[in-house]
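The following paragraphs lead from a single residue to its surroundings and then to the whole chain. Please consult the sequence and the model alongside the text.

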Amino acid sequence: MHQLFRLVLGQKDLSRAGDLFSLDDSEIEDSLTEALEQIKIISSSSDYQTNNNDQAVVEICITRITTAIRETESIEKHAKALVGLWDSCLEHNLRPFGKDEDTPHAKIASDIMSCILQNYNRPPVMALAIPIAVKFLHRGNKELCRNMSNYLSLAAITKADLLADHTEVIVKSILQGMVRKLSLGPCFGRYLKVFSSIYGLWEARPRVLEAN
């Protein structure tokens with residue numbers, strides 16, 4: 001791992017975190033997977049949700065990492081570590097504290113979501129991401145759900161078969177929203193796009209709809 005990443009993440013040194021943006025993307029690209037794994041350790045610590053310094057360090061590092069991944073087009077190389085960090089957010093509370101205040105782990109999930117799912121046209125990345133993405137639909141965060149449904153609709157257009165195995169989860173998400181009278185808003189239209197893309201695959205899985 002690059003020595004500056006090692007310093008910032010190892011010592012959680014907020015005063016040096018901004019210096020990461022002075023480095024060329026190519027200079028740190030080989031360090032990104034290891035840095036993501038270190039962030040996962042930090043964000044999984046028992047005091048992370050109340051430690052403002054650690055949260056700020058993580059936020060800056062994630063921004064630097066996702067920027068480097070986009071600029072170097074190295075998403076496939078680092079997808080496993082990125083999705084692993086994303087998945088770890090599901091182990092924590094994602095429901096907003098207040099009307100507009102996300103939890104620390106919801107912020108992480110949101111920050112890395114676009115970096116992963118904007119690659120909806122890359123099957124190897126989506127094969128890793130979609131099984132995790134659908135889990136966020138039931139975690140009580142409407143904003144994450146809204147954004148996730150948008151990306152899933154794009155993924156369904158290019159690679160519907162990757163979503164077919166998760167039809168039941170998507171159907172339940174809509175039904176639960178209707179039953180609880182939650183504000184689905186634009187989510188509903190996006191779900192319909194997902195459905196239209198994978199409709200032909202339902203015939204092989206009729207029990208999913210019948211069960212609901």
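Asn 119 is buried, with a relative accessible area of 10%; buried means under 20% relative accessible area, exposed over 50%, and partly exposed in between (1.4 Å probe, protein chains only). This is a predicted model, in which local features need pLDDT of at least 70 and side-chain atom pairs count only at pLDDT 80 or more, while totals for chains, interfaces and linings use all residues. Residues are numbered from 1 along each chain as its sequence is written, and side-chain values use heavy atoms, with hydrogens and water left out.

Asn 119 lies in the loop between α7 and α8 (123–133). Helices (H or I, at least four residues) and strands (E, at least two) are DSSP runs, numbered from the N terminus. When neighbours within four places in sequence are set aside, Asn 119 is in contact (heavy atoms within 4.5 Å) with Ile 75, Val 125 and Met 126.

Helix α7 comprises residues 104–117. Because 11 of its 14 residues are buried, α7 is largely enclosed by the rest of the structure; among these buried residues are Pro 104, His 105, Ile 112 and Leu 117. The expected span of a helix is 1.5 Å times one less than its number of residues. For α7 this gives 20 Å, in agreement with the 20 Å between its end C-alpha atoms.

The protein chain as a whole has 13 helices and zero strands. Of its 212 residues, 45% count as buried. Among contacts between residues at least 6 apart in sequence, 74% join residues at least 24 apart.
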